[in-house]
Amino acid sequence: NKIERDKQTIRFIVRLYCKHHLHEVEPSEDYQQLIDYSCQRLNHCPFGEQKPACKRCKVHCYKPDMRRRMREVMRWTGPRMLFYSPRATLRHLIQSLKKSPKR
């Protein structure tokens with residue numbers, strides 16, 4: 001389902017960031033916490049399967065610090081995703097065009 005795909009994408013982009021940008025074999029404890037936190041937020045998303053891309057959502061459910069960290073990861077990983085996972089990139093672009101549904 002869509003939530004599980006989003007979780008897989010989050011795990012992928014954080015691991016990609018850690019491996020290629022931070023030169024770590026595995027995500028450190030801080031980045032593993034970011035993965036866990038993001039997956040937890042997806043589990044509790046009020047929009048469920050109809051959720052838009054988080055940046056287009058009217059409800060920001062991330063704590064400010066976690067949101068800042070995820071943005072940092074996505075800014076670095078975003079341009080590179082086309083090479084590492086074209087499908088996930090296309091899915092995200094389509095999802096980004098959708099408006100946030102009403103609660």
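Predicted model: local features only at pLDDT ≥ 70, side-chain atom pairs only at ≥ 80, totals over all residues.

Me: Thanks! To begin, where is the place of Arg69?
Reply: Residues are numbered from 1 along each chain as its sequence is written, and side-chain values use heavy atoms, with hydrogens and water left out. Helices here are DSSP runs (H or I, at least four residues), as strands are (E, at least two), numbered from the N terminus. Arg69 sits within residues 64-84, that is, in helix α3.

Me: Which side chain of opposite charge is nearest to Arg69?
Reply: Lys and Arg count as positive and Asp and Glu as negative, while His and the chain ends are not counted. A salt bridge needs a side-chain nitrogen of Lys or Arg within 4 Å of a carboxyl oxygen of Asp or Glu. Buried means under 20% relative accessible area, exposed over 50%, and partly exposed in between (1.4 Å probe, protein chains only). Arg69 is buried and has no salt bridge, and the nearest side chain of opposite charge, 4.6 Å away, is Asp65.

Me: Which backbone oxygen does the side chain of Arg69 reach?
Reply: Contact means heavy atoms within 4.5 Å. Leaving out residues up to four places away in sequence, Arg69 touches Tyr31, Leu34 and Asp30. At 2.6 Å, the side chain of Arg69 reaches the backbone oxygen of Asp30.

Me: Is Val14 buried or exposed?
Reply: Val14 has its place in helix α1. Beyond its neighbours within four places in sequence, Val14 is in contact with Tyr31, Leu34, Ile35, Met70 and Val73. With a relative accessible area of 0%, Val14 is buried.

Me: Which residues does Leu34 touch, not counting residues up to four places away in sequence?
Reply: Leu34 is one of the residues with the most contacts inside the largest nonpolar core. Its partners, with residues up to four places away in sequence not counted, are Val14, Met66, Arg69, Met70 and Val73.

Me: Why does Met74 count as partly exposed?
Reply: Met74 is also found in helix α3. Not counting residues up to four places away in sequence, Met74 touches Ile13 and Pro79. Met74 counts as partly exposed because its relative accessibility is 38%.

Me: How many salt bridges does the count come to?
Reply: One of them joins Lys7 and Glu4, with the closest N and O atoms 3.2 Å apart. Both residues lie in helix α1, 3 residues apart, about one turn of the helix. Lys7 is buried at 7% relative accessible area, whereas Glu4 is partly exposed at 37%. By the rule above, the count of salt bridges comes to 4.

Me: What is the phi of His23?
Reply: Most residues other than glycine have a negative phi, and most peptide bonds are trans. His23 lies in the loop between α1 and α2 and counts as exposed at 66% relative accessibility. Although His23 is not a glycine, its phi is positive, about 60°.

Me: Last one: which element of the chain has the lowest mean pLDDT?
Reply: pLDDT is the predictor's confidence in each residue, from 0 to 100. The chain has a mean pLDDT of 89, and 95% of its residues reach 70 or more. Among the elements, α2 has the highest mean, 96, and the lowest, 83, belongs to helix α4 (residues 86-97).

Technical notes
Polar contact = N/O pair within 3.5 Å; in protein donor to acceptor, adjacent residues only side chain to side chain. Core = buried A, V, L, I, M, F, W, Y, C linked by side-chain atoms within 4.5 Å.
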